[in-house]
Amino acid sequence: MVSIFMGEQPPEPTTDGGTDSGEELEARLAAGESYDPPESFVEQANVNDPEIYEEFEENWPDCWERAADLLTWFEDYETVLEDDDAPFYRWFTGGEVNASYNCLDRHVETGGKNRAAIKWEGELGETRTYTYGDLLYEVEAFATALRDLGVAEDDVVTLYMPMIPELPIAMLACARIGAPHSVVFAGFSADALATRMNAADSEYLVTCDGYYRRGDALNHKEKADKGLRGVEQDVETVIVDRLGDELNHFLGEHAHDYDELVRAHEGASVEPVSRDAEDMLFLMYTSGTTGQPKGVKHTTGGYLSYAAWTTHAVLDVKPEDTYWCAADIGWITGHSYIVYGPLALGTTTMMYEGTPDYPEKDRLWELLEKNDVDIFYTAPTAIRAFMKWGKQYPEGRDLSSLRLLGTVGEPINPRAWQWYYDHIGGGECPIVDTWWQTETGGMMITTLPGVGEMKPGAAGPPLPGIDAQVVDAVGGPVDPGNAGYLTVRRPWPGMLRTLYNNDDRFINEYWREYSDEDADEWVYFPEDGAKLDEDGYITILGRVDDVINVSGHRLGTMEIESAIVGVDGVAEAAVVGGDHDVKGNAVYAYVILEDGQDPTESMRDRIVGGVEDAIGPIARPEAVVFTPELPKTRSGKIMRRLLEDIASGEELGETSTLRNPEVVEDIAESVGE
Ligand code: PRX
């Protein structure tokens, strides 16, 4: 006997859905129609010469000088790539560079002082604009304050903040003094913060009192304080007062008020520290196969060059643009494409604090119209929600300022692509569907919008200089149209250099599967399935490891499982991703209780609460399925594939190899109820 409790459901469509279910659209989708970028776009594009692919091939790895040339170096690099210690590749060696200088000072020095750098929109309608001059001023003040608190070069500073301007300011202040930052997504729990601070041995935390969500003031400091209680080392904390009188907070020992610090150091000037190209710019913890998050290490020269190059070549950003990446800075997308890429190019980057449906479902389109946004970059999960809400929301706004659209984070289904193209881009904006990862630092597979045709659903060919191939289980070629595994067979400047304090895990996780170590041939394995078509376009099929992608957020099933088995009364748990029409994947938790425990609603609440405490609400299970047994092979391995099929409502595959085939039907029945 199994029983199921369903969690929170996605919002129901409030209208007919506006999804254009007309015959014409069906015919276009069925025909697999492709689209050329409009001539007017191509003419003005930063990159519009198809020869670029060949040029990069012929001139590899020196082609990457084009990326490095987008930066101002204090000291020129001597070598583009050093591979004598592969897979510990080193890029632009001998070069000296500072990320804060490249994102701020050099624009101020070349006439950009009064150009808007960050345009921030608060959830309640407040706005703030920082020019490059303003941003430099505050970054210098805060960098001085951090130094005064004791932050030295190479100390890891943890930033646990929502989408407020002080977050990029703190990132750039850290970069200025050569202190790597480790941003922890504000939606993560206190435990998740503590795990990351301990792993990085971080003795500094910048956080805030709270922030707004759907009009409510949320207490963030409480979570930060709770997290700090789990941190082994002493920590100096800085608190941004985001909510003012709305939420009073007290500063304890070793806690400092951000505004006071900035006021005390106003007008200070701090020389940007000259960093070796290979010095760490930041750490970003991401989910992997085990319960322990991986500290992905990115460097100053290679990462920044790559972020700037892809922002230039793929997002077509120009200094005079207003550019909006509607991601959260707590994830890699925000690092590369809200902060570092756009600011390195001297453009105006937008930041929005709130959610897309508050106060109304046209909030993003309202902001887009108001700010005359030229380029908009978001995730398929958001697009699927917009589709559900209906086309009348974008139709009520003037979106004609848009020139280019982008998506990232998960596969985009052709229907969502088409909706985005028609209703947001007005049929006139190219779309770049960009495949990449926390580890890759920047985009790897996508069309160049000024060069290639677009095929809805396929990310595109690998970018110039990137050697991505789809292979079979033993690394052999896969015929076009067939599914295989994605591999990257040459290094690139934005690549992670290692996992923090864990070189062995770095090699084991990414380089073991397809490399020929004896021949010193190293192949990076991103753990994604993919297929290739005759034109070399790659369609990403999703993760092939124990990582699931929920609303574009990367979660490790093992992390969720260990949270669930930590709940009193739970004996065993298996977590998988089930198909979800808005989120892409939803978390399904199959739970075995200890003898004598009842599968009650309160047990379910404790399980959901346990996951929220360990990770955060983003990992909350959509469904908790109580079962006396999990389907296992004769050797005792849980058959996850079957559990996924059940969660996705798919036809069940072969069960005869199971030790306990009868349990499958029971589980499937109760999920279907
Ligand atoms: O499965 C791929 C999916 O997101 C994973 C990386 O997640 P994360 O490190 O959190 O970075 C997300 C933002 C770059 C990948 O392994 N993914 C990312 N972009 C796409 C995608 N899947 C399909 N299409 C994409 N455009």
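I take a polar contact to be a pair of N or O atoms within 3.5 Å. I note at the outset that the model I am examining is predicted.

**Entry 1: the ligand**

A polar backbone atom of Gly-409 is 3.1 Å from a nitrogen atom of the ligand. I then turned to side chains. Asp-433 places a polar side-chain atom 2.8 Å from a nitrogen atom of the ligand, and Arg-543 has one 2.8 Å from an oxygen atom of the ligand.

**Entry 2: helices H5 and H12**

I recorded that two packed helices are described by the angle between their axes and the distance between the axes. For H5 (residues 99-112) and H12 (residues 332-344), the axes come within 8 Å and cross at roughly 50°. H5 and H12 are therefore oblique to each other. Their crossing is left-handed. From H5, the contact uses Ala-99, Asn-102, Cys-103, Arg-106 and His-107, and from H12 it uses Tyr-340, Leu-343 and Ala-344. By class, I noted five nonpolar residues, two polar and one charged in this contact.

**Entry 3: helices H6 and H7**

I next looked up H6 (residues 132-149) and H7 (residues 166-176), whose axes come within 8 Å and cross at roughly 65°. The crossing of H6 and H7 is right-handed. H6 contributes residues including Leu-135, Val-139, Phe-142 and Leu-146, while H7 contributes Ile-169, Leu-172 and Arg-176, among others. I listed 11 nonpolar residues and three charged ones in the contact of H6 with H7, with no polar residues.

Terms used. Residues numbered from 1 in each chain as written. Predicted model: local features only at pLDDT ≥ 70, side-chain atom pairs only at ≥ 80, totals over all residues. Heavy atoms only, no water. Axes fitted to C-alpha atoms, helices over the stretch in contact; angles between N-to-C directions. Helix = DSSP H or I, 4+ residues; strand = E, 2+ residues; numbered from the N terminus. Parallel < 35°, antiparallel > 145°, perpendicular 65-115°, else oblique. Left-handed = near helix turned anticlockwise from the far one by under 90°. Contact = heavy atoms within 4.5 Å. Nonpolar A, V, L, I, M, F, W, Y, C, P; charged D, E, K, R; others polar. Polar contact = N/O pair within 3.5 Å; in protein donor to acceptor, adjacent residues only side chain to side chain.
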